[in-house]
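Have the viewer open as you read.

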Amino acid sequence: MPWPLYLALKQLFPTGRRFPFFTFISILGVALGVGLLIVCISVMGGFGREIRNMIVNTQGEVQVRSEGLMQDPRAVMDAIEKVPGVLATTPFAEGVVMLQYQNKPAFPAIQGVDANRVDRVIPLRQFIVAGEYDALDDDRVILSAQLAMTLGARLGSRISVYSPLLLEKLKTDEILIPRELEVCGIFEIGHQQLDSSVVIVTLRTMQELYGLGRAVHGVNVKLGEGIDPDRATADINRALPVDGVAKSWMDANQEFLFVLQLEKNMIFFLLLFIIVVAAFSVASSLLIAVVRKTREIGLLGALGASPGQVAACFCCQGVIIGIVGTAAGLGLGFAVVHFRNDLVAGFTRLTGSQAALERFYQFSQLPAYLSRTDLLLIISSALIVSTLAGLLPAWRAAKLKPVEALRSE
Amino acid sequence: MSNRPPILQARGLHKSYASGARRLQVLRGVELTVLSGESVSIRGESGSGKSTLLNLLSGLDAPDAGELQWEGEATLSAARRGRLIGLVFQSFYLVPELDALDNVLLAARLQGPIGAAERARACDLLGRVGLADRTGHIPGKLSGGERQRVAIARALMNKPPLILADEPTGNLDEGSGEAVIDLLLALCAESGCALVLVTHNAAHANRCARRLFLREGGFHPV
Ligand SMILES: Nc1ncnc2c1ncn2[C@@H]1O[C@H](COP(=O)(O)OP(=O)(O)O)[C@@H](O)[C@H]1O
Ligand SMILES: [Mg+2]
């Protein structure tokens, strides 16, 4: 072991002293910063991933739309399915309708899905909380949970559906006869907007309601595991017949994802300051050590140490505090992330805010996900910052002239 | 006697310090040659420049004028100083975080990686200065005399041909001081190491082969 490293270790963890207080405080500062970063970025990442899953689960990874109507969805799907990496496709038609149930109206978004294909792209089945997904046919409808609640509709309720097409008929003085559909299922995705007002019907029902004939509005695409959505999107665009443009879920939700990313970056940046503040305390305690050890630094010079080696000794102390603090912080952070739900449960029990938490955040389990890049970013910034903290004391120590240092009393 | 090679040669050393507006001339043409294995004592009043001279002799400070040669070479890098010169100071300067053994070994660590041979030598030296059962004690748990003996072991660790000792008994009581001087002289004689001993104590000085007196910036015979 090079002696500057040896001496740095000995000065931080002196022989025979069980509890080096200065060292402990310095390490604790760095550890708290790193731990907090790990926890916050993990939870942010967890939410980000939930949202990503929700988007992908409801739209597929790639969505193909045409300018107007897609007249020949069969041909489009055939073309897309030949693209490598594509697992499955399903057509959809979408719009807005008016619903009425026992004189209560609602204006939800409506999705027409191909009951035979949709399952392979969008795991609708797993969001069904009541009723049967398989029961969906041309005379039945699946409601989102909150919509069902507002309307007071339950399984088996018959609801009237008015489409914009009826308005056209109104102009020609025809009698308005709404479509009667029976509720066969209720779904809940866990996203306020989607759960509040969406209805799902078969593609055929939707085509009839909107008078689309055989046309659809677009096609949702599922990609294989680990396929890059951007690459696949480009490939699909190349393979598409004239009408239709493919967009990956990331493109389609660009603004939203941007805000999400920005939020995470801000949190990272702000919490990094905890480490910076910790580094200031490391720097100041090392500076004090340099002053306190002036004569020993002079002695090192007398024993044959070069200024560079003396500097290395103090620099190493910053690095060691950084490494140990980061390691402790990782342990602390991951422990908190691991027990996060117990901690949240304990906290809400203390404050009695369990119900509020579930109502406003739509979760009872805190998600957590830390990407490898985020982890490396946290580790490397903590190490860099604490190394920088060692530089100023190191420079002060190197500047001391042995004669003057030895003379100081 | 005179055919022994010189370890250290100093010619016409001048050193002054700024003292307010004037300059304080501390050394004015000091001449000194230390031969291999000989012992030289330097006495002088407090403030006569003994420490200043030793700093020049150890290469820690540079003279205003004059020439210095260590084993015939005019330059002394920090690393070479560590091999060539063992230093003993009035106030010991042990590293408080290291135990006695590690303090002695530190001198060797600065020269390169250490192994079993170095450890054995350090233990042996601590045994020679009578601290065989104190190797694991940190300086805070040693008496002044014991600390100075650790410092002597450290100075001898790299088998230097020259020891410069600046008032090594200045902080010690008479008994401990006597023991330290005994050890210093004995160990130097044993290892053929030259010794320059700065001291206030005439009795200690008289035990060296050659005795010098520093006054008004130059040497005078006692
Ligand atoms: N770095 C310095 N700056 C100014 N004056 C100094 C310095 N070092 C020593 N002196 C002065 O030089 C003189 C000799 O000092 P020193 O060599 O320590 O004497 P001694 O060791 O013989 O007691 C003293 O008057 C002291 O004040
Ligand atoms: Mg002195």
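This is a predicted model: local features need pLDDT of at least 70, side-chain atom pairs count only at pLDDT 80 or more; totals for chains, interfaces and linings use all residues.

Now the ligand site. The residues around ligand 1 include A:Arg407, B:Tyr17, B:Glu45 and B:Thr52. Chains A and B both supply surrounding residues, so the site is shared between chains.

| Residue | Atom of the residue | Atom of ligand 1 | Distance |
|---|---|---|---|
| B:Tyr17 | side-chain N or O | nitrogen | 3.5 Å |
| B:Gly49 | polar backbone atom | oxygen | 3.0 Å |
| B:Lys50 | backbone N or O | oxygen | 2.8 Å |

On its own, ligand 1 exposes 560 Å², and the protein buries 69% of that.

Chain B has an open, three-stranded antiparallel sheet in the order β2-β1-β4. β2 (22–35) and β4 (65–70) of chain B are the edge strands with a single partner each, so one side of each lacks a neighbour in the sheet. From one strand to the next, the twist averages 20°. β1(B), residues 6–19, pairs with β4(B) over five bridges, and B:Ala10 has B:Leu68 as its bridge partner in β4(B). Helix α1(B), residues 50–57, packs on this sheet, touching β1, β2 and β4 of chain B, and its direction makes about 125° with that of β1(B).

Last, helix α3(B), residues 100–109: 10 of its 10 residues are buried. Their cover includes α1 (3–12) and α12 (294–303) of chain A, plus α4 (116–128) and α5 (144–156) of chain B.

Conventions:
Residues are numbered from 1 along each chain as its sequence is written. Chains are lettered from A and ligands numbered from 1 in the order in which they are written. Side-chain values use heavy atoms; hydrogens and water are left out. Two strands pair if DSSP finds at least two bridges between them. Helices (H or I, at least four residues) and strands (E, at least two) are DSSP runs, numbered from the N terminus. Axes are lines fitted to C-alpha atoms, for helices over the stretch in contact, and angles run from 0 to 180 degrees between N-to-C directions. Contact means heavy atoms within 4.5 Å. Buried means under 20% relative accessible area, exposed over 50%, partly exposed in between (1.4 Å probe, protein chains only). A residue is near a molecule or strand if one of its heavy atoms lies within 4 Å of it. A polar contact is a pair of N or O atoms within 3.5 Å; within protein, one must be able to donate a hydrogen and the other to accept it, and residues adjacent in sequence count only if both atoms are side-chain atoms. Accessible areas come from the Shrake-Rupley method with a 1.4 Å probe; for residues, only the protein chains shown count as cover.
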